[in-house]
Amino acid sequence: MTPRFERMCVAGVGLIGGSLALAARQAGVVSEVIGFGRTARNLEIARERGLIDRIATTPADAVAGADVIVLAAPVGACVGLARSFAPHARPDAVVTDVGSVKGTLVNALEASWPTPGNVVGGHPVAGSEASGADAARADLFRGRACILTPTDTTAADALARVRALWLAVGARVEEMPAAVHDELLARVSHLPHLVAYALVASLDDVRAGGRVALDYAGSGLRDTTRIAASPAELWRDIALANAPALGRALADFRTALDRLDALVTSGDASGLEAALTVARAVRVRLGGTST
């Protein structure tokens with residue numbers, strides 16, 4: 001395949017950024033990948049593993065000659081990165097991101113970039129609780145959704161190029177308005193992460209009869225709270241950036257908890273079974289488990 005991009009800058013060579021770099025290189029859609037980030041050792045690992053060709057130590061070096069710039073840092077750092085890159089970037093460089101929040105981020109990126117039409121919001125719905133270049137893998141996006149959120153400003157060519165990048169690494173690309181993305185992801189991604197963090201926090205140092213509750217945790221608790229091992233900085237930024245939609249999701253979840261609390265407190269066996277049966281049916285429709 002003829003490379004669609006001559007030089008890609010990946011700012012944040014962690015699980016997502018590193019996996020995209022590796023997958024793009026293996027797919028032959030990029031000739032050279034430049035890595036930029038805060039942690040020297042992580043960048044060295046990325047180079048040792050072949051995720052990137054070389055390491056840049058300054059914003060100017062990072063984006064010099066790059067025709068695509070991927071912002072794969074935590075959401076709260078992306079706008080600052082864009083501003084540091086802007087004076088040194090090619091006028092036709094395409095800027096995209098991988099953040100889990102789109103509305104506020106894309107608006108801020110467009111306002112920060114000299115050519116707003118070249119900004120394309122993106123979110124690959126893939127990942128794990130692992131982080132860093134060590135965790136990157138080329139098949140991470142294969143068969144997974146990648147949501148692009150073009151605005152009225154987005155240039156058709158920039159959108160087409162970002163779409164082609166994600167298709168090349170095996171993702172299923174879908175477009176939707178940023179506000180719709182943020183409302184949906186607040187429910188199916190941001191809320192579950194906060195719930196997992198809250199559940200773990202509620203068990204910290206809980207004891208009974210002189211024994212520590214967490215010493216008796218089984219696979220159920222481990223499976224339910226796996227994502228609470230995700231980087232706190234990442235989810236702090238996501239939660240704050242999507243606060244309105246996440247607030248609505250938290251309110252609905254609180255209502256569901258209150259209903260279960262009332263059923264348990266009242267000893268309503270039939271009502272509790274009915275509620276659990278409905279929830280189980282929804283989980284079965286989601287798939288990924290035996291019935």
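Residues are numbered from 1 along each chain as its sequence is written, and side-chain values use heavy atoms, with hydrogens and water left out. Because the model is predicted, local features need pLDDT of at least 70 and side-chain atom pairs count only at pLDDT 80 or more, while totals for chains, interfaces and linings use all residues. Helices (H or I, at least four residues) and strands (E, at least two) are DSSP runs, numbered from the N terminus.

**Helix 1**

- Helix 1 has 13 residues (residues 15–27), which at 1.5 Å a residue should span 18 Å; the end C-alpha atoms are 18 Å apart, in agreement. The expected span is 1.5 Å times one less than the number of residues.
- The buried residues are L15, I16, G17, G18, S19, L20, A21, L22, A23 and A24.
- These buried residues pack against strand 1 (5–11), strand 2 (30–36), strand 4 (68–71), strand 7 (122–124) and helix 6 (156–168), where contact means heavy atoms within 4.5 Å.
- G28 follows helix 1 and has a positive phi, near 75 degrees.

**Salt bridges around E32**

- The whole structure holds 17 salt bridges, each defined as a side-chain nitrogen of Lys or Arg within 4 Å of a carboxyl oxygen of Asp or Glu.
- E32 and R7 form a salt bridge, with their closest N and O atoms 2.8 Å apart. This pair links distant parts of the chain, E32 in strand 2 and R7 in strand 1, 25 residues apart.
- R7 has a relative accessible area of 23% and is therefore partly exposed.
- E32 also meets R54 in a salt bridge (3.5 Å, N to O). R54 lies in strand 3 (residues 54–55) and E32 in strand 2, so the pair ties together parts 22 residues apart in sequence.
- R54 is partly exposed because its relative accessible area is 25%.

- The side chains of D252 and R187 form a salt bridge (2.5 Å, N to O). D252 is in helix 10 (residues 243–266) and R187 in helix 7 (residues 178–203), so that distant parts of the chain, 65 residues apart, are linked.
- D252, at 44% relative accessibility, counts as partly exposed.
- R187 is also partly exposed, with a relative accessible area of 31%.

Key: Buried < 20%, exposed > 50% of the residue type's maximum accessible area, 1.4 Å probe, protein only.
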